[in-house]
Amino acid sequence: YNTVLFQLTGLVIGSKFIDAAQSDGTCTKCGGDIVCSGRDERASCSALELDMAETFGWAVMLYVFAIPIRYTVIALFYPLLQRMGYGLTWQGAVVAGWGGLRGAVGLALALVMKTEMGQSGTRVDSNNGVRVIVFVATTAILTLLVNAPTTGPLVRKLGLTRIPKMEIKALAHIKARIRRGCVHGFGEVKE
């Protein structure tokens, strides 16, 4: 489902970029960016009045501002998150803020929102539906391209991959008991 969802989102966004690139802004029905579906009523025209470069620029800015917003939310709920479940350390909070969500749920909601807004029949809603999907998809893509590859080094730098000292001691104790039991059992078999 994840693959289908990302493929569908890519097709929707790709078609909008292709439409914007091929358009010369001379729709015969409404003057919009793409050719209309044949209707001559301006209010129900499906043409987009959307600058995709500007929309993409705003999407990148949204991604940049999403990171401090995630850290702010985690900081606000940090006392509660420390006491729930296994508890959250400050290192875990840093990784949670950096990792974020990769976008499957967000993309599904954006596709639904675009569909709902597109069915309203107004050009403004269609434009906003496309904007929403571009914003969410850009955030998901940048999270996958920037945050995902850097999460591993961040986790190692924060020491989250190290085995705790208590666990090392417990494993050493178990290993020693197993060894003593084996030596004792081997001695009995030998006799």
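Predicted model: local features only at pLDDT ≥ 70, side-chain atom pairs only at ≥ 80, totals over all residues.
Local features were taken at pLDDT of at least 70 and side-chain atom pairs at pLDDT 80 or more, whereas totals for chains, interfaces and linings use all residues. Residues are numbered from 1 along each chain as its sequence is written, and side-chain values use heavy atoms, with hydrogens and water left out.

Helices are DSSP runs of H or I with at least four residues, numbered from the N terminus. The largest nonpolar core has 13 residues; such a core is a set of buried Ala, Val, Leu, Ile, Met, Phe, Trp, Tyr and Cys residues joined through side-chain atoms within 4.5 Å. Buried means under 20% relative accessible area, exposed over 50% and partly exposed in between, with a 1.4 Å probe and protein chains only. The core members that touch the most others are Ile-13, Leu-107, Leu-111, Ile-133 and Val-134. At least two core residues come from each of helix H1 (2–22), H2, helix H4 (104–118) and helix H5 (123–157). H5 gives the largest share, 5 residues. Beyond its neighbours within four places in sequence, Ile-133 is in contact (heavy atoms within 4.5 Å) with Thr-9, Val-12, Ile-13, Ala-110, Leu-111 and Lys-114.

The axes of H2 and H3 come within 8 Å and cross at roughly 145°. Axes are lines fitted to C-alpha atoms, for helices over the stretch in contact, and angles run from 0 to 180 degrees between N-to-C directions. On the H2 side the contact involves Ile-67, Arg-70, Tyr-71, Ile-74 and Tyr-78, and on the H3 side Trp-90, Ala-93, Val-94, Ala-96, Gly-97 and Trp-98. These comprise 9 nonpolar, 1 polar and 1 charged residues, where Ala, Val, Leu, Ile, Met, Phe, Trp, Tyr, Cys and Pro count as nonpolar, Asp, Glu, Lys and Arg as charged, and the others, Gly among them, as polar.

Leu-62 belongs to helix H2 (residues 52–83) and is partly exposed, at a relative accessible area of 41%. Gln-91, in helix H3 (residues 90–99), counts as buried at 19% relative accessibility. Gln-91 touches Leu-158 and Leu-160, residues up to four places away in sequence not being counted.

Of the 26 residues of H6, the number buried is 0, so this helix lies largely in the open.
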